[in-house]
Structure formats: C-alpha cells, structure tokens
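Please work through each solution step by step.

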Amino acid sequence: MHILFDLRTADALPSADRIYLFALVDGLLPALAEGDRVFVLRAQGYPLPLPPIEHPSVTYLDARYSGRTSAGTAELTRLVRRHRITVYWSADPLLRPPVRPHRRLKVVFATEELLYLSDPSRFTRWMRIWWWFTARTRLLAADALVCPSHAQCIRLIAALGLHVRHKTHIIPNGVHPIFRPHGEAEILAARRRWLVPKHYVLLIGKAEGRHNFDTPLRALAHNEEVSSVTCVIIGEASPSPALRELIRDFHLEGMVRCIDAAVLPPADLSALYSGAAVTFEPSLSADYRPAVLQSLACGTPVICAASSVNTELFGNAVLRVHPTDAAEWGKAFTALTLSSGLRERLITRGFACVRDRTWTATAKASMALARKLSEGFLR
C-alpha cells in the first residue's frame, strides 16, 4: 500500500488539523507493514514542524505549486501516477483530490474542523453558497471521512447529507508523549522563562470575538474566591481588541498574561500545564480540542463546557459545567481548590482517560482503515 500525506497547505489549516496530520505522520513507523510506502508532500521552501522521519519506507516530496490551484492539482495527479499512490490523505477540504488515473487510487479524507466552513455565523450568504458548490462537493468526492468523535460525525452527516453516512469512520485522536507530569524544578524554570506567576489557570486558544473567553474571564472577575488567580492565555502574543475589551470590562488589568503559542516550545507548554491549578476549555464546538487531552496527560484537572463531544470523549475525567454560567465555572474551580479528594479523583481519571490515547494507536487505526478500504476497492 502506497500512502500520500498532503501537507502542502498545512499552514492554512486549523490547529487541530495540523496536530492531527503531523502527529499521524510521526506515529506511522510502528503501523507500517512490509511493502508499505509513505510519501509526505510538503510545500517547497516551507519547513515542517516535525523533523523528517529517517526510514527507507518514508519519502518526502516537495511541491512547486500551491495546493489549491489547478497547477497544484495537475502536479498532484502526476505524483500519484508516478509513485502509484493507492491512498491519498488530506485534512484540507479546499484541496481538489487527484484525478483518478486508475481504479487503484483510494481517497481518504481526514477531517477535524471542516465544519467551520459551513458555520452560518462566520460567513456571508454568498460564502455559504460557495461552500455548498466547492468545499462540500470536494468532501463528497472523498471515499472516507475520518472523525475523532461521534458528535462531530453527526454534525458532518447533517452538513453534507445522510448519503455520506457510510463514508464516515471514527478514530479517536491521541496525545503526544511529551505531555507528562513535570517536577517542581521544571515547572519553575518554565514559569521564569515565560514570566508566569505561581498561582495561575490556563486558557488555550484565540479569542474569536467575545463568545469563547467571556465565561471563564467573567468567572475569574466576579468570584471572590478565585479573583486573585492569574489567567494565562496561550494563543496570541498580545491581546486582540476583543480580548482587551473583555479584560477592561471585567477589570482584570494585570491579571491576564498572554503567551504566543507559535513560539512556546511543547516542553514548556507541558510544564505550564503541570503547574496550573486548572485548565479552562470553554469551547462548544464538536471539534477535537487538544488542550483537554494535553492537560489530563500532565495531571491537571480540566473544567469544560458540558457539550456532547466532551461527554463522549472525556466522561467523568473532566468537570463539565454550563457553558455560559460564569458562577458555575467559578464554583467548579473553587471546589477543585478546596477539595483535595476531588482533585485527586479527577487526576486519576484523567490519566486513565489518556492511557490508551496515543498517536501511535491513532496511526495504527488509520493505517488499518486505509488498508481495509484499499483491499475492498481493489476487489
């Protein structure tokens, strides 16, 4: 089986998609069988965040043209024919799949946050029409759609139509082994490097308007028992205008610290997870949220919105609260602070939750799916 991972537009993908694809490539080696070949297609001149894999079965190819252009599609088709690709893997819904030169080609589409394209709150009417006739059509042309949860799978089926139900497959995502509990010395060193105080909570992501950061910041501002805790936001280097407005409205000047996620090494992020009192995850989307698994792997409890995807993926390993009730978020954090028993139970459940969620396991499941689909297609 010959697999092509298309990473030409990785920089333009949402963060969860990038994590998925890069980690999947990184965890491939234990999943390869004799005769398997893996080709990684990257944009010429743009280095990948993961170091190249030195293995005789893994080959890196450089693309000359942009993946979302006609020239890029023609180049992809030539590469597919030259290397006899049987499985094409991508996470970009805007990429045109290669033209099938023969019936050996099987297109597998790994999807994470594809539904943001069809979200009516983010796009105008004409952009939604564009989604319907372009991205949606290309998604429907895929032979398999991979989702990390049943909740997202249901949303995907609702957006694309019931006739794609047989194409969807559930493969849970993993967490990188670099995320682990750290000792006091490592935590202190990371805090000093990034000017983080001793008592803090973590909030991961970017403020898109007011809706996703409003509740946790309101909880910190209006709950007397947690108002002295600094909120460390790992996302943008400086607060966006919307975030500055939130900080000003809630009188949190000096209580919010922003760190640019693009320059924060994973080892330091893991140490900051380990030293945090709690990680807030207020998102209501059905997309994969890497911050939850990373925090649980580092031994830090998570307070998140009570959504279907969080219930399915994490169960009682996290504290699920009403997504817009700031008082409930504050009470949950107070309970974690005052009750060592509750904290220890959540930490134990968190370790159990992430024990089998490794990227190697995800890669093996993905390779098994690709092999099954390819064999069925060749009959």
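**Exercise 1.** Determine whether Asp36 is buried or exposed.

*Solution.* Step 1: buried means under 20% relative accessible area, exposed over 50%, and partly exposed in between, with a 1.4 Å probe and protein chains only. Step 2: the relative accessible area of Asp36 is 3%, so Asp36 is buried.

This is a predicted model, in which local features need pLDDT of at least 70 and side-chain atom pairs count only at pLDDT 80 or more, while totals for chains, interfaces and linings use all residues. Residues are numbered from 1 along each chain as its sequence is written, and side-chain values use heavy atoms, with hydrogens and water left out.

**Exercise 2.** Identify the residue with which Arg371 forms a salt bridge (a side-chain nitrogen of Lys or Arg within 4 Å of a carboxyl oxygen of Asp or Glu), and locate both partners.

*Solution.* Step 1: the partner of Arg371 is Asp36, and their closest N and O atoms are 3.0 Å apart. Step 2: Arg371 belongs to helix 14 (residues 359-378), whereas Asp36 is in the loop between helix 1 (15-26) and strand 2 (37-43). Helices (H or I, at least four residues) and strands (E, at least two) are DSSP runs, numbered from the N terminus. Step 3: the two residues are 335 residues apart, and the pair links distant parts of the chain. Step 4: Arg371 is partly exposed, at 24% relative accessible area.

**Exercise 3.** State how many salt bridges a search of the whole structure finds, and describe one with buried partners.

*Solution.* Step 1: the search finds six salt bridges. Step 2: one of them joins Asp6 and Arg8, with the closest N and O atoms 2.7 Å apart. Step 3: both Asp6 and Arg8 are buried.
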